[in-house]
Amino acid sequence: MSTPKIEISALNQIKTLLLFGGTLTLLYFGQSLIMPLLVAAIIAILLDIPVKKFKSWRLPNWLAITIAILLMLAVFSLLFWLISSQINNMAEDWPTMKEKATEKLNVFSQWTNEQLNWNYKDYIDNNKKLVQKAEGLASAFLSSLMSLLSQSLIIFVYIILFLMQKKQFINFFKKLSSNDKAMSSLLVNSAKITKNYFVGKGKIMLFLFGIYYIGFLIGSVPYALFLALFAALFSIVPYVGNVIGGGVAVILSYLYAGSTPALIVIGVVSAAQLIENYVLTPWVIGDEINLNPFITIFGIILFSTLWGVVGAVISLPLIAVLKVVFDHTKGMEPYAYLLKKEK
């Protein structure tokens with residue numbers, strides 16, 4: 001009895017693998033060129049919302065773009081001022097917090113040696129090294145943000161050009177395809193997914209900030225404003241952002257004020273996450289992304305490896321847009337199916 005054979009075009013598979021590998025190589029080595037371009041494109045898509053609103057008030061295109069950009073600068077300036085002022089306040093108490101962290105780690109290590117019979121030699125020196133590693137991770141995170149800020153000027157220029165030449169870019173993509181209707185649908189759906197995802201995320205972050213701040217104030221948690229802002233902003237990173245933001249808030253509150261404020265932080269963050277996961281995200285964002293869970297996790301890891309924190313933030317909308325591209329391209333339907341979440 002002969003074994004049934006699957007017909008697969010080896011040439012097509014090789015082309016697909018080469019395309020995938022070439023794209024990853026381009027994204028990695030072209031980070032300084034491609035990442036600012038994508039960030040600017042996403043921000044321009046979001047700014048297109050107020051631009052259209054201002055134009056509906058019969059404002060000229062240049063004035064609508066100018067007002068939208070000024071509003072964006074005002075929002076980013078306010079966030080930068082809030083974060084920098086809180087970091088400066090914490091920097092003054094950092095030596096004390098570092099000393100308390102080492103002290104608490106030493107107490108915990110001594111307890112494990114006595115109660116659990118763990119032979120943890122030289123734990124005092126090792127705990128100092130652990131605190132230094134934590135400082136190193138914080139420095140690496142800040143350097144990643146500073147790298148993005150260093151490219152803020154070129155991103156700003158790209159945003160202006162994208163908004164001013166919007167029609168020309170749209171016409172360019174339409175000319176690439178013989179089917180104007182399919183290309184128009186692709187562009188509209190891609191922009192819609194990007195807008196809905198980040199606008200929805202922004203609303204959720206505002207809600208989380210309010211809940212965190214009120215809860216931390218009621219619990220007399222130190223640096224309530226910074227911890228609430230930090231945890232809420234980090235929630236923009238899919239899945240791991242909530243864990244990292246909430247975890248840092250718990251650790252800092254425990255080191256500085258003890259176990260009671262840390263437990264309050266855990267309670268507030270846990271309650272907020274339940275509301276976000278089961279109420280806000282399905283209601284605000286809905287099924288706009290609708291990605292395969294495996295592809296979601298893989299995509300976040302892949303883009304964070306390539307582009308750090310920025311890659312993790314933009315990973316899901318980029319993969320969702322890629323799914324739209326596959327849906328509108330003949331012969332790519334299996335890849336679109338792979339990216340989708342089965343209902």
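**Helices, packing and interior**

Author: The secondary structure of the protein chain consists of 12 helices and zero strands, where helices (H or I, at least four residues) and strands (E, at least two) are DSSP runs numbered from the N terminus. This is a predicted model, in which local features need pLDDT of at least 70 and side-chain atom pairs count only at pLDDT 80 or more, while totals for chains, interfaces and linings use all residues. Residues are numbered from 1 along each chain as its sequence is written, and side-chain values use heavy atoms, with hydrogens and water left out.

Reader: How are H7 and H8 oriented to each other, roughly parallel or roughly antiparallel?

Author: Two packed helices are described by the angle between their axes and the distance between the axes. Axes are lines fitted to C-alpha atoms, for helices over the stretch in contact, and angles run from 0 to 180 degrees between N-to-C directions. For helix H7 (residues 180–218) and helix H8 (residues 224–234) the angle is about 150° and the axes are 8 Å apart. Angles under 35 degrees count as roughly parallel, over 145 as roughly antiparallel, 65 to 115 as roughly perpendicular and the rest as oblique, so H7 and H8 are roughly antiparallel.

Reader: Which residues in H8 meet H7?

Author: Contact means heavy atoms within 4.5 Å. From H7, the residues Met205, Leu208, Phe209, Tyr212, Tyr213, Phe216 and Leu217 take part. Their partners in H8 are Ala224, Leu225, Leu227, Ala228, Leu229, Ala231, Ala232 and Leu233.

Reader: How many of the residues of H8 are buried?

Author: H8 is mostly covered. Among its buried residues are Phe226, Phe230 and Phe234, which ring pairs link into a cluster; rings of Phe, Tyr and Trp (its six-membered ring) pair if their centres lie within 6.5 Å, with planes under 30 degrees apart counted as stacked, over 60 as edge-to-face and the rest as tilted. Of the 11 residues of H8, the buried ones number nine.

Reader: How do H6 and H7 lie to each other, roughly parallel or oblique?

Author: The axes of helix H6 (residues 166–176) and H7 come within 8 Å and cross at roughly 135°. In this packing, Ile170, Phe173 and Lys174 in H6 meet Asp180, Met183, Ser184 and Leu187 in H7. The two helices are therefore oblique.

Reader: Is glycine 241 buried or exposed?

Author: Glycine 241 is found in helix H9 (residues 240–257). Leaving aside neighbours within four places in sequence, glycine 241 is in contact with Phe234 and Ser235. With a relative accessible area of 0%, glycine 241 is buried.

Reader: Is arginine 58 buried or exposed?

Author: Arginine 58 has its place in the loop between helix H2 (31–56) and helix H3 (61–115). Its phi is near 70°, a positive value in a residue other than glycine. At 79% relative accessibility, arginine 58 counts as exposed.

Definitions and conventions:
Buried < 20%, exposed > 50% of the residue type's maximum accessible area, 1.4 Å probe, protein only.
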